[in-house]
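Thanks for coming. I will go through one structure this morning and keep to what can be read from the model.

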Amino acid sequence: MSDQHDPASESATATPAKGNRRNFMFKIGAGLVGIGGLLVAAPILGYVFAPAFSNWEKRRSWIDLGGVKQFPVGETVLAIYKNPIFGPTAGEANEIPCWVRRKSETEFQIFYINCAHLGCPVHWFEESKLFMCPCHGGVYYEDGSRASGPPPRGLFEYDWQVVRDKLYVYGGELPNLQIPGKTPKDDITPLTIDGVGYLGGKEVKTS
Ligand code: FES
């Protein structure tokens, strides 16, 4: 009889459908794993390869730190500037602290706040005249050179200049061991005020 139930033929038609569904689910799963892997890997790849591709010298610019009078001779004080890389929407993340040391009437040192080991913010201790890192005990002398602990070098330093009685810092991208703190002199863009260029506190021609 033609209307008799035939399990064998049912199984034969069901098997390809199940196989297709399993195949489909496998592809979806593999796709999700792939997307997850990319999301995890992207920041790591960015960290590793960004320095090679980033035109980091061009991401720095001169930022007004205020009148020189607010930095007493012989003292090291904290100053904060707005990072030029990010827009105003970055909020407090846009505010970058740095240590300003005024060595004399005309000489300054400006240090990145980040420890040269793993980047924790270092603190200045006036009594001992030392910078200390709270993370792993890195210590630096007042001129930023390494005193002890795990940091492989001294503190990173900014370029600076005094123009019209104001201190300017060449700020922007944060340093790491691939991106040194100081910009090669030839790559520094002059500060321009009222159409006049300045480098090292002196007037220069701008193109
Ligand atoms: S981050 Fe400063 S000593 Fe490790």
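Let me start in the loop between S10 and S11, where you will find Arg 164. Keep in mind throughout that this is a predicted model. Is Arg 164 buried or exposed? Arg 164 has 12 other C-beta atoms within 10 Å, and residues with 12 or fewer count as exposed, so Arg 164 is exposed. Its backbone deserves a look too. Arg 164 is not a glycine, yet its phi is positive, near 55°. As background, most residues other than glycine have a negative phi. The setting is a hairpin of S10 and S11 with two residues between the strands.

Now the strands on either side of that loop. Strand S10 covers residues 160–163, and four bridges join S10 to S11 in an antiparallel run. Two of the facing positions can be named. Trp 160 stands opposite Val 169 in S11, and Val 162 stands opposite Leu 167 in S11.

Strand S11 itself covers residues 166–171. How many of its six residues are buried? Five of the six are, so far as burial is counted here, and the strand is mostly covered. S11 also pairs with strand S1, residues 61–67, through six bridges, and these two strands run antiparallel. There, Ile 63 stands opposite Val 169 in S11.

Which residues touch the most other members of the largest nonpolar core? That core has 27 residues, and the four in question are Cys 98, Leu 155, Tyr 168 and Val 169. The elements that give two or more residues to this core are S1, S3, S4 and S11. In general, nonpolar side chains tend to be buried together in soluble globular proteins.

Take Cys 98 as an example. Leaving aside residues up to four places away in sequence, Cys 98 touches Ala 79, Tyr 81, Ile 110, Phe 111, Tyr 112, Ile 113, Tyr 158 and Val 169.

Next, Glu 107. This residue is found in the loop between strand S3, 95–102, and strand S4, 108–112. Glu 107 counts as exposed, because 11 C-beta neighbours lie inside 10 Å. Along the chain, Glu 107 and Val 162 are 55 residues apart, but their C-alpha atoms are separated by 9.2 Å.

On to another sheet. Four strands form an open sheet, in the order S5-S6-S7-S8, with antiparallel pairing. Why do S5 and S8 each have a side without a neighbour in the sheet? Strand S5, 123–125, and strand S8, 146–148, stand at the edges with a single partner strand each, so one side of each is left open in that sense. From one strand to the next, the twist averages 35°. Inside this sheet, strand S6, residues 130–132, and strand S7, residues 139–141, pair over three bridges in the antiparallel sense. Leu 130 stands opposite Tyr 141 in S7.

The loop between S5 and S6 holds Lys 129. Lys 129 is another residue that is not a glycine and has a positive phi, of about 55°. Lys 129 counts as exposed, because it has 11 C-beta neighbours inside 10 Å.

There is also an open sheet of three strands, in the order S12-S13-S14, again with antiparallel pairing. The edge strands are S12, 191–193, and S14, 202–204, and each pairs on one side only. The twist in this sheet averages 45° from one strand to the next. Three bridges join S12 to strand S13, residues 196–199, in an antiparallel run. Thr 192 stands opposite Gly 197 in S13.

Stepping back to the whole chain: there are one helix and 14 strands. Of the 207 residues, 19% count as buried. Among contacts between residues at least 6 apart in sequence, 48% join residues at least 24 apart.

Last, the confidence of the prediction. The mean pLDDT of the chain is 81, and 71% of its residues reach 70 or more. Where does pLDDT stay under 50? That is the case over residues 50–57, for which the model has six contacts beyond four places in sequence.

How values were computed: Residues numbered from 1 in each chain as written. Predicted model: local features only at pLDDT ≥ 70, side-chain atom pairs only at ≥ 80, totals over all residues. Pairing = 2+ DSSP bridges. Axes fitted to C-alpha atoms, helices over the stretch in contact; angles between N-to-C directions. Buried ≥ 20, exposed ≤ 12 C-beta atoms within 10 Å, placed from the backbone. Contact = placed C-beta atoms within 7 Å. Core = buried A, V, L, I, M, F, W, Y, C linked by C-beta atoms within 7 Å. pLDDT = per-residue confidence, 0-100.
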